[in-house]
Amino acid sequence: MLILAGAPIGRTGDATPRLREALGTADVIAAEDTRRLRRLAADLGVTLTGRVVSYYDANESRRAAELLEALVQGSTVVVITDAGMPGVSDPGYRLTRLAVDAGVPVTALPGPSAVTTALAVSGLPSDRFCFEGFPPRKPGERARRLAGLAAEERTMVFFEAPHRLRACLEAMAEAFGPGRAAAVCRELTKTYEEVRRGTLAELADWAAGEVRGEITLVVAGLPPDLAPPDMAELVDEVARREASGVSRKHAIVDVAKSAGIPKRDLYDAVHGR
């Protein structure tokens, strides 16, 4: 049997009795970081009797084939990542797919999730949501991905690295509008847990300072009853501001911000694109 084991996202005390049992009895434990696994086991008072192997992004394809062979031969294999559920922006999907195709039973040990934890504390609508994982690192690819989500009505949940947080929030403000509500959830369940709520523009300004730790972003979807702005009226407003002496660049930025739309959209409309 393949067991996908949800690991605590911060506090060891969130580990379940079933996780303790699985770690102590598995024939093979495939861990994203074997050192962190051993620390977790020590904290839980669990003796690892099975074979421990590494299973991370760089070796996932090769290791999955090896683990499948062990499964087919009758071994119980536990997959565990550094935090959260394997396969959710972490290694696990490839082996799960191979096991399913081979007719090997697959189960999961539910555990804490940064996705649903952040959603719950964000204060944003949680009846419908979508998980978008990590946005692309390259600015152009990220802008295109976010532009495709601009009309998404469900609350969106993202992961992001702390050193890319400000750039990501600025890109989201550009794609979704600076006034879109959001929450930055940092170090969830840990000692220095912090949840910052505000508009994307406000959060981008805050992120200009040093931000550390594990980051989960929750962004409100587009309100379904939000009427699209009259772009012709906004173009006219830009023209009026230009006539009063304001530069076109600054007029576009100010009008787009007040209308809650990406300035690129207004720029294109002003220049007839």
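Select valine 106 and show its neighbours: beyond residues up to four places away in sequence, valine 106 touches Leu2, Leu4, Thr96, Ala99 and Val100. Contact here means heavy atoms within 4.5 Å.

This is a predicted model, in which local features need pLDDT of at least 70, side-chain atom pairs count only at pLDDT 80 or more, and totals for chains, interfaces and linings use all residues. Residues are numbered from 1 along each chain as its sequence is written, and side-chain values use heavy atoms, with hydrogens and water left out.

**Stop 1: valine 106**

Stay on valine 106. It belongs to strand 5 (residues 106-109). Helices (H or I, at least four residues) and strands (E, at least two) are DSSP runs, numbered from the N terminus. Valine 106 is partly exposed, at a relative accessible area of 34%. The classes are buried under 20% relative accessible area, exposed over 50%, and partly exposed in between (1.4 Å probe, protein chains only).

**Stop 2: the whole chain**

Zoom out. Count 11 helices and 10 strands. The C-alpha atoms fill a box of roughly 75 × 40 × 30 Å, taken along the principal axes. The chain has 273 residues, and 43% of them count as buried. Look at contacts between residues at least 6 apart in sequence: 71% of these join residues at least 24 apart.

**Stop 3: threonine 34**

Select threonine 34, in helix 2 (residues 34-44). Threonine 34 is partly exposed, with a relative accessible area of 26%. Leaving aside residues up to four places away in sequence, threonine 34 touches Val52, Val53 and Ser54. Next, pick glycine 45, 11 residues from threonine 34 along the chain. Their C-alpha atoms are separated by 16 Å.

**Stop 4: asparagine 59**

Go to the loop between strand 3 (51-54) and helix 3 (60-72), where asparagine 59 sits. Is asparagine 59 buried or exposed? Asparagine 59 counts as buried, because its relative accessibility is 3%. Follow its side chain to the backbone oxygen of serine 54, reached at 3.2 Å.

**Stop 5: helix 3 against helix 4**

Show helix 3 with helix 4 (residues 93-101): their axes come within 9 Å and cross at roughly 35 degrees. Axes are lines fitted to C-alpha atoms, for helices over the stretch in contact, and angles run from 0 to 180 degrees between N-to-C directions. From helix 3, select Glu60, Ser61, Ala64, Ala65, Leu67, Leu68 and Leu71. Ala, Val, Leu, Ile, Met, Phe, Trp, Tyr, Cys and Pro count as nonpolar, Asp, Glu, Lys and Arg as charged, and the others, Gly among them, as polar.

**Stop 6: helix 10 against helix 11**

Finish on helix 10 (residues 248-259) and helix 11 (residues 263-270). They pack at an angle of about 130 degrees, with axes 9 Å apart. That makes helix 10 oblique to helix 11. Angles under 35 degrees count as roughly parallel, over 145 as roughly antiparallel, 65 to 115 as roughly perpendicular and the rest as oblique. Select Arg248, Ile252, Val253, Val255 and Ala256 in helix 10, which meet Lys263, Leu266, Tyr267 and Val270 in helix 11. The residues of this contact divide into 7 nonpolar, no polar and 2 charged.

Note on methods: A polar contact is a pair of N or O atoms within 3.5 Å; within protein, one must be able to donate a hydrogen and the other to accept it, and residues adjacent in sequence count only if both atoms are side-chain atoms.
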